[in-house]
Amino acid sequence: MSPLGRLLRNRRAGETHLAWNLPNLQGPEVLTLTSRNFDGGGAIPLQHCAKHIGGDDVSPHLAWTLLPPGTAQLLLVVEDTDVPLGKPAVHCLALIDPVAEAAADAGNGAGHVELGALAAKQPGPGVRVLRSTIGRGYHGPAPIKGHGPHHYIFQLFALESPLGSSPDATPPDRARPRALLSAVSSPVLGRGRLTGVFER
């Protein structure tokens, strides 16, 4: 265990400020979010972790069940609730077009994003990556060594209207992650979450 990990062992952001718990992002929990790369509550493979700890920093495959009628856009938020800060760290923030050919599954209302689709430089078709706490695009787990298990919450929100559609709204690409999440005004038609764990 590293001295820093030991010192911060009991300091964790927790779920209070998680996007999932924001009043404006409440909605029916009707989506099931899964991945081919890890099980809910299971360990996130090293491939999806940050490069400086030996990973490839490749975003995992994600799939979701039937979207509610009227879904105009999907908001994906990935947060680490165990970072030793006052609020969870946003590891990825992205907007997904639910009818994009690469995201929709045979027109049945379900969908997915493939491995690596959340990359900042070359996002997948129908994916628009935004600013996160660390930078733009997906940033894999890299917890402090010896700090214990970190929980990475993948949260998907089905929105009735696209972000930034009102004339006075800040363009999503320019907004800071916390400001963007707090400013979502579109009704949430449905939501789902998937948790992965990583520890060094």
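Q: Which residues line the second largest pocket?
A: This is a predicted model, so local features need pLDDT of at least 70 and side-chain atom pairs count only at pLDDT 80 or more, while totals for chains, interfaces and linings use all residues. Residues are numbered from 1 along each chain as its sequence is written, and side-chain values use heavy atoms, with hydrogens and water left out. A pocket here is an open set of points on a 1 Å grid over the protein atoms alone, where a 1.4 Å probe fits and protein lies on both sides within 12 Å along at least five of seven lines; lining residues have an atom within 4 Å of a point. For the second largest pocket, the lining is Asp57, Val58, Ser59, Gly116, Leu118, Ala119, Ala120, Arg136, Tyr138 and His139.

Q: What is the phi value of Asp57?
A: Asp57 is one of the residues lining that pocket, and it's found in the loop between strand 1 and strand 2. (Strands are DSSP runs of E with at least two residues, helices are runs of H or I with at least four, and both are numbered from the N terminus.) Most residues other than glycine have a negative phi. Asp57 has a positive one, near 55°.

Q: Is Asp57 buried, partly exposed or exposed?
A: Buried means under 20% relative accessible area, exposed means over 50%, and partly exposed is in between, using a 1.4 Å probe and protein chains only. Asp57 comes in at 26%, so it counts as partly exposed.

Q: How far apart in sequence are the parts tied together by Glu15 and Arg193?
A: Their side chains meet in a salt bridge at 3.2 Å, N to O. Glu15 lies in the loop between helix 1 (3-7) and strand 1 (33-34) and Arg193 in strand 8 (residues 188-198), so the parts they tie together are apart in sequence by 178 residues.

Q: In the salt bridge of Glu29 and Arg191, which residue is buried?
A: These two side chains meet at 3.4 Å, N to O. Glu29 lies in the loop between helix 1 and strand 1 and Arg191 in strand 8, so the pair ties together parts that are 162 residues apart in sequence. Glu29 is exposed, at 56% relative accessible area. The buried one, at 4% relative accessibility, is Arg191.

Q: Which residues touch the most other members of the largest nonpolar core, and which strand gives it the largest share?
A: A nonpolar core is a set of buried Ala, Val, Leu, Ile, Met, Phe, Trp, Tyr and Cys residues joined through side-chain atoms within 4.5 Å. Of the 29 residues in this one, Trp64, Ile96 and Phe154 touch the most other members. Strand 2 (62-64), strand 3 (73-80) and strand 4 (89-96) are among the elements giving two or more residues. The largest share, four residues, comes from strand 7.

Q: Which residues does Leu25 touch, not counting those up to four places away in sequence?
A: Leu25 sits in the loop between helix 1 and strand 1, and at 0% relative accessibility it counts as buried. Touching means contact, with heavy atoms within 4.5 Å. The partners are Ala19, Leu75, Phe157, Leu181, Val184, Val188 and Arg191.

Q: What separates the C-alpha atoms of Leu189 and Leu67?
A: Leu189 has its place in strand 8. Its contacts beyond four places in sequence include Pro68, Pro69 and Gly70. Leu189 and Leu67 are 122 residues apart along the chain, yet their C-alpha atoms are separated by 8.5 Å.

Definitions and conventions. A salt bridge is a side-chain nitrogen of Lys or Arg within 4 Å of a carboxyl oxygen of Asp or Glu.
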